[in-house]
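Give the cut-off for each term where it is used.

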Amino acid sequence: MGSGGAGLSRRWQQGAAMAALAVLALLLLAACGGQRAAGQKRKEMVLSEKVNQLMEWASKRSVIRMNGDKFRRFVKAPPRNYSVIVMFTALQPHRQCVVCKQADEEYQILANSWRYSSAFTNKIFFAMVDFDEGSDVFQMLNMNSAPTFINFPAKGKPKRGDTYELQVRGFAAEQLARWVADRTDVNIRVIRPPNYAGPLMLGLLLAVIGGLVYLRGSNLDFLYNKTGWAFAALCFVLAMTSGQMWNHIRGPPYAHKNPHTGQVSYIHGSSQAQFVAETHIVLLFNGGVTLGMVLLHEAATSDLDVGKRKIMCIAGIGLVVLFFSWLLSVFRSKYHGYPYSFLMS
């Protein structure tokens, strides 16, 4: 009887100990759950504060200017459920970055189009970090050129496609909008401020034509002048073949300055892109070849004396050879591996 009572007592003690452990485990789970809930609540509060602050800044300025502290808090640090498009630039006059100013104008157009659209939400924000206000950010990202556009997605780190290919696509607001749509699924309809230059030029042209018709109403032979029409057509052809329409669509920079060496490049090294200066150079070379061909034609068909015709012929051949060799060298610099050259490589 005594041994049975002792065994019962031990079982009772073991049961009590197990019950105490179960209660302790439940208390620990409740405490962990409470801490997790409190942590989640704090995270939601921090996120709400960040979004509210960004919305307040965006209501005052479509592109939010950030220094190092703001960038680390609102772009790099979690929590974050929004994307941030950041333009890294150098707009101070002593930086002499002409491309930065041109890109900033297009970036402002894009940001304003989003800010004042009916689809505006807190899903995406546009920001800017100037080198003179956030050089530590440039160092943190190992960035040594400007302007540069990077998308910081709502989840994860930026991938390769989140860095905008400025040299290939140009900095036109429409091109930036396509890239933003591809990276964030946010479609922005670019709305540019009214530009009256085109209508004014058209009106001026019509006024000039109307004035000529009025002043020379009795003699409209100038409208049948083949040389005038040929010159106008030639100018149009040279403008189109030099790439002016591509510039209008893509909005490339005028040239590129190497931030390390300071060397300025006027010819883009890729066959998929070009600079504005490059189109001017190509237009000049095409014009030189055309002038040479015209001189050769005149030397063969004109009624001038033989001496002048020889001079025209030599000048025409020289222009064609010189400018065609330059054109071919530009082609070789863009299409690497092209085997042929003429006079100069």
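## Cis peptide bonds and positive phi

Pro79 lies in the loop between α2 and β2 (83-89), where helices (H or I, at least four residues) and strands (E, at least two) are DSSP runs numbered from the N terminus. The peptide bond that leads from Pro78 to Pro79 is cis, with omega near -5°. A cis bond also joins Ala146 to Pro147, with omega near 0°, and Pro147 is found in the loop between α4 (135-140) and β4 (148-152). The model is predicted, so that local features need pLDDT of at least 70 and side-chain atom pairs count only at pLDDT 80 or more, whereas totals for chains, interfaces and linings use all residues. Residues are numbered from 1 along each chain as its sequence is written, and side-chain values use heavy atoms, with hydrogens and water left out.

The loop between α4 and β4 also holds Asn142, which has a positive phi of about 55° although it is not a glycine. Gln96, in the loop between β2 and α3, likewise has a positive phi, near 55°, and is a residue other than glycine. Asn142 counts as exposed at 68% relative accessibility, and Gln96 counts as exposed at 59%; here buried means under 20% relative accessible area, exposed over 50% and partly exposed in between, with a 1.4 Å probe and protein chains only.

## Aromatic pairs and charges over rings

A pair of aromatic rings is described by the distance of the centres and the angle of the planes. The structure holds 16 aromatic pairs, counted for rings of Phe, Tyr and Trp (its six-membered ring) whose centres lie within 6.5 Å, with planes under 30 degrees apart taken as stacked, over 60 as edge-to-face and the rest as tilted. The rings of Trp57 and Phe74 have centres 5.0 Å apart and planes at 65°, and the pair is therefore edge-to-face. This pair links distant parts of the chain, since Trp57 is in helix α1 (residues 2-60) and Phe74 is in helix α2 (residues 68-76), 17 residues apart. Phe74 is buried, with a relative accessible area of 1%.

The rings of Phe285 and Phe323 have centres 5.9 Å apart and planes at 55°, so this pair is tilted. Phe285 belongs to helix α10 (residues 276-301) and Phe323 to helix α11 (residues 306-334), so that the pair links distant parts of the chain, 38 residues apart. Phe285 is buried at a relative accessible area of 10%, and Phe323 is buried at 13%. Phe71, Phe88, Phe131, Phe138 and Phe152 form one aromatic cluster. Arg80 lies over the face of Tyr82, at 5.9 Å from the ring centre, and Arg115 lies over the face of Phe120, at 5.0 Å from the ring centre; a charge sits over a ring if NZ of Lys or CZ of Arg is within 6 Å of the ring centre and within 35 degrees of the ring normal.

## Cavity and pocket

A search of the whole structure finds one cavity of 30 Å³ or more. On a 1 Å grid over the protein atoms alone, a cavity is a set of points where a 1.4 Å probe fits but cannot get out, a pocket is an open set with protein on both sides within 12 Å along at least five of seven lines, and lining residues have an atom within 4 Å of a point. About 50 Å³ of space lies in the largest cavity, and its lining includes Trp114, Arg115, Phe120 and Phe126. The elements that give two or more residues to this lining are α3 and β3 (124-130).

The second largest pocket has a volume of about 400 Å³, and of its 17 lining residues the closest to its centre are Glu106, Ala172, Arg192, His248 and Gly251. Both α3 (98-115) and α9 (244-250) supply at least two residues of this lining.

## Annotated spans

The unreviewed UniProt entry places the feature "transmembrane region" at residues 196-215, 227-246, 281-299 and 311-331, and such annotations may be inferred rather than shown by experiment. Residues 227-246 are 90% helix and 0% strand, with end C-alpha atoms 29 Å apart, while residues 311-331 are 100% helix and 0% strand, with end C-alpha atoms 30 Å apart.

Cys235 is found in helix α8 (residues 226-241) and is partly exposed, with a relative accessible area of 37%. The C-alpha atoms of Cys235 and Gly287 are separated by 8.8 Å, although these residues are 52 apart along the chain.

How values were computed:
Grid points are joined across faces, edges and corners, and a volume is the space filled by probe spheres set on the points.
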